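Trainee: I would like to learn how to read contacts, cores and strands in a model. Where do we start?

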Amino acid sequence: MSLAHTHTAPAAASRPSRLRKAMRDGRLTTILFFLPPALMLFTLFVFMPLLEGAWYSGFKWSGYGEGPTDWVGSRNFERLTKHSTFMRSFNNTLVFVGVALLLQIPLGMAMALLIYRKSKSNTFFRLVFFVPFILAEVATGLIWSFIFDGDYGVTSIFTTWFGWEQVYPLADRTWAMPVLLLVFVWKYFGFHMMIFIAALQSIPDDLIEAARIDGGTPWQITRYIQIPMLKPAIVVSVFFAVVGSLQLFDLIIPLTRGGPSNTTHTLVSYLYNFGLVRQKVGFGSSVGVVLFIVSFVFAFSYRRFVMRQGEK
Amino acid sequence: MRTKLISLMAATAISIPTVLVAEEVKVLSIVTNRAGEVEYIDRVEKAFEAANPGVDVIVEYMDDESFKVKLPTLLQSKGKPDLFFSFSGGLVAEQASQGVLRDITDYAESTGCAAMHGEGGKNAYSVDGKLYGLPMYASNVALWYNKRLAAEAGINPEEIKTWDDFLGQVETAKASGIPPVIIGAKDKWPVMFYHAMLADRIMGPDGYAKAVAGEDGGFASEAWVETARQLKRLGDLEPFQPGYLDTTYDKTQTLFGDQKGIFMLMGEWLVSAQRATATDGKGMTNEEIGVVSFPVVEGGAGNPKATYGGMNGWLVSAGASDTAVDFLCHYVGTENQTEAGGLGFFLPMAIGADELVEDSHNKWSAARLGESSGHTVFDQNLNPAIAAVQLDIAVDLISGAVSPEDAQDLMEEERQLQ
């Protein structure tokens, strides 16, 4: 008891002085000016919709009217677990995450290692590889759906030229998903490449030079110096890759619309198709809740266990 | 002097907005692909504005899918449209029950607007005897075919009377090496046409109503499973153009216009649409295209004269002004509808508006609608969730991804959840 008293007294005494200091150096003014708008926007556009989504997930509601009234409890979630298309969509989303981690990031890193040095040709290649990332997702989807159009697209020109049979990979249940993965890798590897290029350029030249003088081969320099020093960039890249894969939607709709036979849906395209399009706002919200939980658990754990370790 | 000047400025400031701010009538439409229709709508809009000074009609266009998804939110926002496009069907009742529509029964009667439309059309926009909108056009889905390719394949589609006749001709055409059927399975609804029309031919007009009410096993009844079986029979013949699962409806118009296949089950709009989208910019002439009604299924309870297609029009949103209803009456009134019919955009619904319809295929469709024993409206007769399952299973049936029994179980499962 006395200990607690002894400890709290100086803390209480220091509070007014900290407040005075904050008032003097302008921090308090900054907080009072900038925090409320940010908090308001966050509450309005993030926190409130999240709560609303969670609330709606317990209802059967078409989206019309003042609000939901037909409470169904956990029925929407029970349906999700029994719906084979949802399970497939969940699985597809995990495949996208896996491909992002195992193909997209390594490819981005490999390209970065090849072209990180400053030269005119490297600048040109950097631009070429980064352009897909700048392209709007919907435009990308439309471009690739034209490429894979076996009747009027680029594929058709090639098959006609070589006298081969026309191919329609997006119409094939086996090939539609690999095509999506190909476009997905092509679209986003440039983003990771740029992160790695920035990180590689920050590695001191004398470190590489010293390794070279010590007889290190290019592979040894990459393996034992550059890649270990890229760790902070890898940590950030992995975070963006996973979160981006979980939210993947815009590529799916123009390319396959989740077909053929709902085999290429991701969690978000499933939510859109089976929630919004079918006017089942409650059911769609339950998908949103699942997606939020998955994203939150990942983001929280990653920040707690991986990013914090990196900071140490 | 200074006080007077300030008073004058204040009075001017107050009066300016009343002069400049016009009464707005906001109209939300789906995108139209018919060449010249947007210009026609502009003319209709300007004529109304000229006759009603101070009124500003604003028409916004949205593609079908975005329209369907955004409408529920839009109708509850301050920026809601006064008038919005509607495919009619079951959704009108849902919208009316949620209070997002204006009851225009009395107003449309008093202005003589309602009298310009027949009961059939008005019924599509009425719920419990209350009128919430007005129809604009109907469409009729039929089997269109390429006469030249049919002759080359050695078939005569004019002889098609039954579903078996059709399947027989499909088989013959397939053997000749010409793709017998063009279909846009990526959009799903063109495939659903087959499922819906087979259901009508097998069960008659009560098939949907009984299933929705859950009678005889609902959508899993033997008659519905038989419907699915018949559709699967078509799919088993593998009669579709290569890559049909990744083919959109828009692309099928081009394929039909480019003469890449023989049959296409579609509304009468296909005839003008294939001309607009064919690679050579011309497509086929009316004379090069033949048309037959959807065949009957032997032993089925359906009436061969029953038609299937759209009954599209406009709904008035809650709180819309009388001016908005006046514009609707002007837009879908006999005079403008007659012009639209004459321009070949669609089959107008206003009484007496079909006198200028000249297109031979539009006339054929109008005649079929005229002698129809009953007109089923697309998937919109169903709750959107059940309709979406119907779209899914139709594609899965023709591609062999699901058995007829499982397909109908899925539809019934969705019905039970409603």
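Mentor: Start with contact: two residues are in contact if their C-beta atoms, placed from the backbone, lie within 7 Å. By that rule, 23 residues of chain B are in contact with 20 residues of chain A. This is a predicted model, in which local features need pLDDT of at least 70 and side-chain atom pairs count only at pLDDT 80 or more, while totals for chains, interfaces and linings use all residues. Residues are numbered from 1 along each chain as its sequence is written, and chains are lettered from A in the order in which they are written.

Trainee: Which element gives the most to the side of chain B that touches chain A?

Mentor: Helices (H or I, at least four residues) and strands (E, at least two) are DSSP runs, numbered from the N terminus. On that side of chain B, α17(B) gives the most, with six residues.

Trainee: Which residues touch the most other members of the largest nonpolar core?

Mentor: In soluble globular proteins, nonpolar side chains tend to be buried together. A nonpolar core is a set of buried Ala, Val, Leu, Ile, Met, Phe, Trp, Tyr and Cys residues joined through C-beta atoms within 7 Å; buried means 20 or more other C-beta atoms within 10 Å of a residue's own. Here the largest has 119 residues, and A:Phe196, B:Trp144, B:Val191, B:Tyr194 and B:Ala394 touch the most other members. Helix α8 of chain A (176–201) contributes the most, 13 residues.

Trainee: Why is strand β8 of chain B largely enclosed?

Mentor: Five of its five residues (263–267) are buried, so the rest of the structure largely encloses β8 of chain B. Strands pair if DSSP finds at least two bridges between them; five bridges join β7(B) (141–146) to β8(B), running antiparallel. One of the bridge partners is B:Gly267, facing B:Val141.

Methods. Buried ≥ 20, exposed ≤ 12 C-beta atoms within 10 Å, placed from the backbone.
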